[in-house]
Amino acid sequence: MQQWDVIVIGAGAAGLFCAIEAAKRGRKTLVLDNGKRIGRKILMSGGGRCNFTNMYASPANFLSQNKHFCKSALSRYTQWDFLALVQQYQIPYHEKTLGQLFCDNSAKDIVDMLQQECDKAGVQIALQQEIQTVTFSDGQYQLQSKGLTRSCQSLVVASGGLSLPNLGATAFGFQLAEQFGLKVLPVRAGLVPLTWQPDDKAVYEEISGVSLPVTAEANDVLFPEDMLFTHRGLSGPAILQVSSFWQPGDEVVVNLSPQQNIFEFLTEAQQKHPEQELKTALSRLLPKRLVEKLLAQNLLANQPLKALNPKSSQRIADLLHHFVFKPNGTEGYRTAEVTLGGVDTDELSSKTMEAKKQPGLYFIGEVVDVTGWLGGYNFQWAWSSGWVAGQYC
Ligand SMILES: Cc1cc2nc3c(=O)[nH]c(=O)nc-3n(C[C@H](O)[C@H](O)[C@H](O)COP(=O)(O)OP(=O)(O)OC[C@H]3O[C@@H](n4cnc5c(N)ncnc54)[C@H](O)[C@@H]3O)c2cc1C
């Protein structure tokens, strides 16, 4: 039987970061993962460039049943702390937009940095490990995998959520929490494209690829970003953001022209170019294929601008500022970036991430009911929660 101080399950962002901190404290630390390599999600994140944090990260950017839970970890290991590490490794990075920091070259830079930190601190890593059972007796956890028994004082669960099952995602962390009597809140896909109702699909799939800046709103939460029409539904950052707030049956309201008041635009255009057609005028503001589609659907009637009266201009403005979309559902875990819900934060200490009623058992990262917005927030939660657990486990 192998004896360890700390075993971390999951060689993702949270697990590796926790292991590094624990090993720096002199704890004999092992990371187990079911995959062939460490940091698989990091490697494919941010389109291969990893949006590793956000300069404006704050507790307001996270969803959780307990909005206050994430405050402690986020304030003790901040985006500036992680950025200092990135700078220490001289990893080139840039701000893409809205405080989102991306690698200039490749997400591999971040994984290499974590590997080097693991090596320096003496973290051991065992890959392609399927854990069959976990038991607890005499203050020790016993893990069975491939006929080998490993024992540890502190067991850290960093096995992530359910998104991207083909990348090794499992419900292991949720099941383990339940095995030890901890409450797990219902999970669902977040940061995920929303799909058309069959009738809408028949109409809008033809304009897949059209993208435009919008504001999208669901359940009174509004995000100004880009939106993309796809074959299956709506996507793009604005839609991914609102998807985390959307519940089945809800509508999503999209302002297709957030920067320009359509009524004022039409009134001015009518004065300057009375003979111009509505289609031509609107195509100066919106993608032409979208305007044509709205006309083809009789949602708009093409006519010379001079034929518009204030009432008809207002009707066009209302339609474009309040484009209502009732999704059929989401694309699910296959394409979701995150899993909402998870281990109930009421069960954990926000200072240490340790289970209140199960000494030595810790949950960090995405397996916990803390989910960030799109934009580097989810990695910051992984770093912060991993770092704090690493100080105690
Ligand atoms: C396509 C995509 C792009 C993303 N881009 C970004 C981005 O740019 N910025 C951002 O902030 N967030 C991004 N995210 C979200 C971010 O990747 C996650 O929130 C983050 O990786 C969570 O870290 P984690 O360590 O908790 O879990 P994970 O990174 O999921 O790591 C969990 C690890 O545990 C392993 N595991 C699972 N079950 C078992 C088991 N039973 N036994 C052993 N090992 C197991 C998994 O194989 C995995 O290696 C993206 C997500 C996706 C899917």
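1. Throughout this note, a residue is called buried when its relative accessible area is under 20%, exposed when it is over 50%, and partly exposed in between, computed with a 1.4 Å probe on protein chains only. Helices (H or I, at least four residues) and strands (E, at least two) are DSSP runs, numbered from the N terminus. The model is predicted, so local features need pLDDT of at least 70 and side-chain atom pairs count only at pLDDT 80 or more, while totals for chains, interfaces and linings use all residues. Residues are numbered from 1 along each chain as its sequence is written, and side-chain values use heavy atoms, with hydrogens and water left out.

2. Helix α9 spans residues 262-272, and its buried residues are Ile262, Phe265, Leu266 and Ala269. Seen down the axis of α9, these residues fall within an arc of 95°, so they line one face of the helix; the arc is that of the directions from the helix axis to the C-beta atoms. On the face of α9 turned away from the buried side sit the exposed residues Glu264 and Gln271.

3. The cover over the buried residues of α9 includes α10 (278-282) and α12 (310-321), where contact means heavy atoms within 4.5 Å. At the start of α9, the backbone nitrogen of phenylalanine 263 has a side-chain oxygen of asparagine 261 within 2.9 Å.

4. Serine 45 is found in the loop between α2 (40-44) and β3 (51-54), and at a relative accessible area of 11% serine 45 is buried. When neighbours within four places in sequence are left aside, the contacts of serine 45 are Cys50, Asn51 and Phe379.

5. A salt bridge is taken here as a side-chain nitrogen of Lys or Arg within 4 Å of a carboxyl oxygen of Asp or Glu, and the structure holds 13 of them. One of these joins glutamate 205 to lysine 201, with the closest N and O atoms 2.8 Å apart. Glutamate 205 is partly exposed at 28% relative accessibility, and lysine 201 is likewise partly exposed, with a relative accessible area of 33%.

6. Arginine 334 and glutamate 331 form a salt bridge through their side chains, at 3.6 Å from N to O. Arginine 334 is exposed, at a relative accessible area of 52%, whereas glutamate 331 is buried, at 12%. Both residues belong to a network of salt bridges that links Arg232, Glu331 and Arg334.

7. Glutamate 347 and lysine 357 also meet in a salt bridge between their side chains, at 3.2 Å from N to O. Both lie in the loop between β19 (338-343) and β20 (361-363), so the pair ties together parts that are 10 residues apart in sequence. Glutamate 347 counts as buried, at 11% relative accessibility.

8. An open sheet is formed by 3 strands in the order β3-β6-β5, with antiparallel pairing; two strands pair if DSSP finds at least two bridges between them. The edge strands, each pairing on one side only, are β3 and β5 (93-95). From one strand to the next the twist averages 25°, with axes being lines fitted to C-alpha atoms, for helices over the stretch in contact, and angles running from 0 to 180 degrees between N-to-C directions. Strand β5 is joined to the antiparallel β6 (residues 100-103) by 3 bridges, and histidine 94 stands opposite phenylalanine 102 in β6.

Terms used
A polar contact is a pair of N or O atoms within 3.5 Å; within protein, one must be able to donate a hydrogen and the other to accept it, and residues adjacent in sequence count only if both atoms are side-chain atoms.
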